[in-house]
Amino acid sequence: MTEDQLLGSRAHGEPCGQTVLKAVAEDFQVDEVLDIPLSGEGEHLWLWVEKRNLNTEEAARRLARAAGVPLRAISYAGQKDRQALTRQWFSLHLPGKADPDLGAAENDSLRLLRQTRHQRKLQRGAHSANGFTLRLTELQADRTALEARLECIRQQGVPNYYGPQRFGYQGGNLAGAREYAARGELPESRNLRSRLLSAARSYLFNRVLAERVAAGSWNKAQVGDLLAFTDSRSFFVAGEAECSDPRLAILDLHPTAALWGQGNSPASGATAALEQRVAEAEPALTAWLEQARLEHERRILRLPIGSLSWHYPEPDILQLEFVLPTGCFATAVVRELVSLAGQTDI
């Protein structure tokens with residue numbers, strides 16, 4: 001499947017030019033933002049790890065082998081891109097044990113930057129945000145148009161699409177989800193099950209968001225919407241008064257769309273009608289997600305870009321720095337600026 005099939009319409013117009021992203025790992029850097037004060041004592045060893053061209057699961061396996069503990073003793077807050085230079089936290093459960101020698105885990109693709117003890121393990125989703133530094137190389141774009149577009153997305157945000165990496169190479173995760181859904185079966189492997197269910201949910205969310213981008217309502221509240229704050233999983237129904245809430249204008253409050261699962265959506269009006277149309281167009285996927293007993297959740301439609309700055313280290317290189325909420329994709333930002341020359345998997 002193409003990127004446009006997996007995502008949808010752009011909100012701010014056609015790309016201002018084209019570029020190369022991830023020519024080398026250092027062109028795509030991610031730093032976890034963790035607002036947890038670590039005590040320095042306890043049965044959990046927390047590690048600040050830098051990894052290059054290495055996915056999070058493989059890093060966890062290497063740490064487990066080096067520490068001589070089962071993989072289930074390793075925890076991390078979230079998955080990070082493989083084709084990138086990323087820094088993230090892991091924790092190892094070591095009750096009654098001294099700090100192990102983890103040198104065997106280190107090489108050019110993994111370095112231990114810091115370690116400290118804490119009383120609790122690192123929970124999934126515990127980080128508050130991710131900081132990004134992106135270098136767009138071989139840039140061919142109208143700089144005036146690009147500067148205007150950057151100012152626009154700083155003020156208005158971008159559609160909060162799940163990026164193409166969620167769906168696997170050429171949409172392979174989504175294809176796998178469709179195969180299992182057609183049989184009414186769930187994968188036995190927990191990792192595969194999680195990956196395919198996430199791909200199916202993400203695809204349905206993107207379809208709703210694409211419709212709202214095309215209608216020009218992705219960044220506006222409408223009666224019947226369910227509204228949520230940027231960093232909150234709770235939501236509330238929008239009536240006439242809520243649609244004029246000033247927090248919408250400052251990108252603190254946003255309309256949401258469904259992450260499919262069991263239970264009826266509390267949305268009403270045009271929002272409910274749109275989500276129902278998308279569900280009816282994909283009956284096998286929606287039934288499969290309910291079969292998996294996932295709960296109905298919501299995700300914000302608009303992605304605010306925090307602390308956005310940029311400069312040109314060289315005439316054909318644009319360096320971007322920004323912060324995004326957890327679970328959001330930097331490629332959604334890039335997509336509103338430029339197209340990627342000759343690249344299909346980002």
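# A tour of loops and helices

Visitor: Let's start with D81: which residues does D81 touch, not counting residues up to four places away in sequence?
Guide: Bear in mind that this is a predicted model, where local features need pLDDT of at least 70, side-chain atom pairs count only at pLDDT 80 or more, and totals for chains, interfaces and linings use all residues. Residues are numbered from 1 along each chain as its sequence is written, and side-chain values use heavy atoms, leaving out hydrogens and water. With contact meaning heavy atoms within 4.5 Å, D81 touches K22, F28, V30, K51, L54, T86 and Q165.

Visitor: What is the length of the polar contact between the side chains of D81 and Q165?
Guide: A polar contact is a pair of N or O atoms within 3.5 Å; within protein, one must be able to donate a hydrogen and the other to accept it, and residues adjacent in sequence count only if both atoms are side-chain atoms. The D81 and Q165 side chains are joined at 3.4 Å.

Visitor: Which residue does the UniProt annotation "active site" cover?
Guide: The label comes from an unreviewed entry; UniProt positions are in the numbering used here, feature names are shortened, and annotations may be inferred rather than shown by experiment. Structurally, the residue in question sits in the loop between β4 (74-76) and β5 (85-93). The record's annotation covers D81.

Visitor: And how far apart are the end C-alpha atoms of residues 157-303?
Guide: That span carries the annotation "domain: TRUD", again from an unreviewed UniProt entry. It is 44% helix and 14% strand, where helices (H or I, at least four residues) and strands (E, at least two) are DSSP runs, numbered from the N terminus.

Visitor: At what angle do the axes of α4 and α5 cross?
Guide: Axes are lines fitted to C-alpha atoms, for helices over the stretch in contact, and angles run from 0 to 180 degrees between N-to-C directions. The axes of α4 (residues 172-183) and α5 come within 8 Å, crossing at roughly 100°.

Visitor: Is α4 roughly perpendicular or roughly parallel to α5?
Guide: Angles under 35 degrees count as roughly parallel, over 145 as roughly antiparallel, 65 to 115 as roughly perpendicular and the rest as oblique. The crossing here is roughly 100°. That makes α4, relative to α5, roughly perpendicular.

Visitor: How many nonpolar residues are in the contact of α4 with α5?
Guide: From α4 come N173, L174, G176, A177, R178 and Y180, meeting L192, R195, L196, A199, A200 and Y203 in α5. Ala, Val, Leu, Ile, Met, Phe, Trp, Tyr, Cys and Pro count as nonpolar, Asp, Glu, Lys and Arg as charged, and the others, Gly among them, as polar. The contact of α4 with α5 has two polar and two charged residues, and the nonpolar ones number eight.

Visitor: Does α5 pass α8 in a left-handed or a right-handed crossing?
Guide: The axes of α5 (residues 190-215) and α8 (residues 283-291) come within 10 Å and cross at roughly 130°, which makes α5 oblique to α8. A crossing is left-handed if the near helix is turned anticlockwise from the far one by less than a right angle, and right-handed if clockwise. For α5 passing α8, the crossing is left-handed.

Visitor: How many charged residues are in the contact of α5 with α7?
Guide: α5 passes α7 in a right-handed crossing. L204, R207, V208, E211 and R212 of α5 make the contact with T271, L274, E275 and V278 of α7. By class, the contact of α5 with α7 has four nonpolar residues, one polar, and charged residues numbering four.

Visitor: Leaving aside neighbours within four places in sequence, which residues is A292 in contact with?
Guide: A292 is in the loop between α8 and β12 (297-300). Its C-alpha is 33 Å from that of V49. Beyond its sequence neighbours, A292 contacts L186 and L197.
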